[in-house]
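Visitor: I am new to this structure and would like to learn how to read it. Could you take me through it step by step?

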Amino acid sequence: MSGRRLSFAAAAGLAAAMGVGRFVFTPLLPIMVDAAEVTPSSGAVIATANYAGYLVGAIALSVRPSINTTISFRLWTMVLVASELAMAAAHSTITFSALRFVAGLASAAIFIACASTVTEHRAAGASPGIAFGGVGAGIAASGILTLVLGPHLSWQALWVCSALLTAILIAPAWTLRVHSEAATRAVPGDIDRRAPAVWRTLLFAYFLEGLGYIVVGTFLVAAVGGHGSTTVGPVVWIVVGLAAIPATVLWQAIARRATLRSALVADFALQSIAAVLPALTANPVASVLSALLFGGTFMGITMLTMAIAQTLPVGRTAATLTAVYGLGQVLGPLVVAPAIGDSYSIAFAIATAVLILGTAGAVRVSQSITPR
């Protein structure tokens, strides 16, 4: 398979697993709340269960990379679709949470399979920018599905439609040949003795990204959707997805003209602005700008971080980075939950502080790595 075909196949897998399978719950949650099927608090529990499943899946693959194979990848795609179909038949927080936990496991396995396959074939022309752009396409698709069909279908039917969309998107990814990540990686040139410290700093910055970004991703739609319109939330979510589609290609181009490290610093800084805007104002224009900046940065940080990790003599980078990212995602809503009352402003302010620390970590990485 050519590098470009592999990139688009991986993009389809990420669109299905992340854009729809993982994130479709965000625009569907308000509909389920309106139908009195779940409460906002139980919705947070269900979302956290999904984050926890993602974390467990990433940890399992970082400890046992040998289970990251083509067969297991295909099995996880079927598990993901089945978990979405089962959501339509569930009626309790426990069942919803269990199903979303399973979906999190599947999403982590599919993400790592697609990400590691693309990064391992960069020399053959595979493009991480194209592949990671699939997440934005999936997010936009989930938002459009909710916006168009939400007024006409029950929440159960919307979950069935989401499962069908996931199955359609995931089909091209079945052409991927997935291999386990190596335990160590050789890099050209002399090994920088600072590499272990750089790797730890990169891991910490990526942990902060997981913690900060998930607060924005979890609460942005709810925060802007409280103005009396049922379309505001899905529209903002579509903006996030549409901004994310070209973002990784653009950040890849920026990294070529500058460096991976400087691009990562700029990406973190812009996401900090995305987080602070809704903390300062509920103005719709600011909300759209926040959505544009958020969509244009979060997958860019993922792509750039993984690309930098590839320059270090470290193995299992995709799984390990995904694990620390997943830990941040689990902790994010828990950290800000006590501060959420009638407003989400404090939550966004906390996310901003976390992302500023992440920016500082990216600066540290940029200063420590010897250019190659």
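Visitor: Which residues line the largest cavity?

Guide: Some background comes before that. This is a predicted model, in which local features need pLDDT of at least 70 and side-chain atom pairs count only at pLDDT 80 or more, while totals for chains, interfaces and linings use all residues. Residues are numbered from 1 along each chain as its sequence is written, and side-chain values use heavy atoms, with hydrogens and water left out.

Guide: Now the general idea: on a 1 Å grid over the protein atoms alone, a cavity is a set of points where a 1.4 Å probe fits but cannot get out, and lining residues have an atom within 4 Å of a point. Here the lining of the largest cavity consists of M18, R22, F23, Y54, F111, Y206, Y213, F298, M299, T302 and Y325. Two elements, α8 and α12 (298–309), each give two or more residues to that lining. Helices such as these are DSSP runs (H or I, at least four residues), numbered from the N terminus.

Visitor: Which helix gives the most to this lining?

Guide: That is α12, with 3 residues.

Visitor: What lines the second largest cavity?

Guide: Its lining is made of F23, I139, Y213, G217, W237, V240, F294 and F298. Helices α8 and α9 (232–257) are the elements that give two or more residues to this lining. About 30 Å³ of space lies in this second cavity, and its lining residues divide into 7 nonpolar, 1 polar and no charged.

Visitor: How should I read a pair of aromatic rings?

Guide: Such a pair is described by the distance of the centres and the angle of the planes. Rings of Phe, Tyr and Trp (its six-membered ring) pair if their centres lie within 6.5 Å; planes under 30 degrees apart count as stacked, over 60 as edge-to-face and the rest as tilted. By this rule there are 9 aromatic pairs here. One of them joins F111 and F132, a tilted pair with 6.0 Å centre to centre and 40° between the planes. This pair links distant parts of the chain, since F111 sits in helix α5 (residues 93–120) and F132 in helix α6 (residues 128–149), 21 residues apart.

Visitor: Are F111 and F132 buried or exposed?

Guide: Buried means under 20% relative accessible area, exposed over 50%, and partly exposed in between (1.4 Å probe, protein chains only). F111 counts as buried because its relative accessibility is 3%, and F132 is buried with a relative accessible area of 2%.

Visitor: What kind of pair do Y213 and F298 form?

Guide: Y213 and F298 are stacked, with 5.6 Å centre to centre and 10° between the planes. Y213 lies in helix α8 and F298 in helix α12, so the pair ties together parts that are 85 residues apart in sequence. Both residues are buried. They also belong to one aromatic cluster formed by Y206, Y213, F294, F298 and Y325.

Visitor: Which residues does F298 touch?

Guide: Contact means heavy atoms within 4.5 Å. Not counting residues up to four places away in sequence, F298 touches V135, I139, E209, Y213, V240, A244 and Q271.

Visitor: Which residues have the most contacts inside the largest nonpolar core?

Guide: A nonpolar core is a set of buried Ala, Val, Leu, Ile, Met, Phe, Trp, Tyr and Cys residues joined through side-chain atoms within 4.5 Å. The largest one has 117 residues, and F111, W159, L176 and F298 have the most contacts inside it. Helix α8 (residues 195–224) supplies the largest share of this core, 18 residues.

Visitor: Is V102 buried or partly exposed?

Guide: V102, in helix α5, counts as partly exposed because its relative accessibility is 28%. Leaving aside neighbours within four places in sequence, V102 is in contact with V79 and S83.

Methods
On a 1 Å grid over the protein atoms alone, a cavity is a set of points where a 1.4 Å probe fits but cannot get out, and a pocket is an open set with protein on both sides within 12 Å along at least five of seven lines; lining residues have an atom within 4 Å of a point. Grid points are joined across faces, edges and corners, and a volume is the space filled by probe spheres set on the points. Ala, Val, Leu, Ile, Met, Phe, Trp, Tyr, Cys and Pro count as nonpolar, Asp, Glu, Lys and Arg as charged, and the others, Gly among them, as polar.
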